[in-house]
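Subject: Handover of a protein model

Dear colleague,

Please find the structure below, handed over for your reading. A summary of the findings comes after it.

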Amino acid sequence: MAEVAPAPAAAAPAKAPKKKAAARPKKAGPSVGELIVKAVSASKERNGVSLAALKKALAAGGYDVEKNNSRVKLAIKSLVTKETLVQTKGTGASGSFKLNKKQDERINTAKCVIGVYFNVRFLP
C-alpha cells in the first residue's frame with residue numbers, strides 16, 4: 001500500500017475588499033415630526049389629539065402609517081421630550097397630545113429679539 005501524497009491545495013483566490021453600500025438619498029418630503037406637528041396644530045380638540053387620530057390624519061395625508069408605525073411613535077416621544085408637544089393623557093407614545101403654548105411663546109419672542117437686533121420684521 002503505497003501512500004500517495006495529496007496534491008498541494010490550490011491557493012485561495014484573493015478576496016476583493018467589500019465596497020460600502022451607497023448611502024440612500026434622503027426623501028424630499030417633510031419629516032414625520034413635522035407632519036405630526038401640522039396634524040396637531042390643525043386639530044381643534046380641546047384635550048388634544050389621540051394617537052389613533054394622529055395616525056388617521058397622517059394616513060389621510062398619504063403617509064404609510066402601518067409600515068412606519070415605530071417611526072411615528074419615536075417621533076411623538078421625541079417631540080414630547082423636546083417640549084414641542086404636551087402629553088395630556090397617557091404615557092409613552094399612547095394618549096393625547098397638544099401643542100405646547102409655552103414653546104410657541106418662546107419661538108415668537110426669539111423672532112422679536114432677532115428682528116430688533118437685525119432690524120427685520122417678521123409678519124405672522
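The notes that follow go from the whole chain to single residues.

This is a predicted model, in which local features need pLDDT of at least 70 and side-chain atom pairs count only at pLDDT 80 or more, while totals for chains, interfaces and linings use all residues. Residues are numbered from 1 along each chain as its sequence is written, and side-chain values use heavy atoms, with hydrogens and water left out.

Overall fold

The protein has four helices and three strands, where helices (H or I, at least four residues) and strands (E, at least two) are DSSP runs numbered from the N terminus. Along the sequence these elements follow the pattern α-β-α-α-β-β-α. Of the 124 residues, 19% count as buried; the term buried means under 20% relative accessible area, exposed means over 50%, and partly exposed lies in between (1.4 Å probe, protein chains only). The accessible surface comes to about 10700 Å², and 58% of it belongs to carbon and sulfur atoms. Such areas come from the Shrake-Rupley method with a 1.4 Å probe, and for residues only the protein chains shown count as cover. Among contacts (heavy atoms within 4.5 Å) between residues at least 6 apart in sequence, 41% join residues at least 24 apart.

A charged patch

On the surface, R24, K27, K67 and R71 gather in a patch of positive charge. Patches are made of residues with over 30% relative accessible area and no salt bridge, with like charges joined within 9 Å and nonpolar side chains (Val, Leu, Ile, Met, Phe, Trp, Tyr) within 5 Å. A salt bridge is a side-chain nitrogen of Lys or Arg within 4 Å of a carboxyl oxygen of Asp or Glu. Lys and Arg count as positive and Asp and Glu as negative, with His and the chain ends not counted; the place of a charge is NZ of Lys, CZ of Arg, CG of Asp or CD of Glu. R24 lies in the segment before helix 1 (32-42) and counts as exposed because its relative accessibility is 80%.

S96 belongs to strand 3 (residues 96-99) and is buried, since its relative accessible area is 11%. Beyond its neighbours within four places in sequence, S96 is in contact with N47, G48, V49, S50, V86, Q87, T88 and K89. A52, in helix 2 (residues 51-60), is 44 residues from S96 along the chain, with their C-alpha atoms separated by 9.1 Å. A52 is partly exposed, at 46% relative accessibility.

S70 is part of helix 3 (residues 69-81) and is exposed, at 53% relative accessibility. S70 and A93 are 23 residues apart in sequence, and 9.8 Å separates their C-alpha atoms. In the loop between helix 3 and strand 2 (85-89) lies E83, which has a positive phi of about 65° although it is not a glycine. E83 counts as partly exposed, at 40% relative accessibility.

With kind regards
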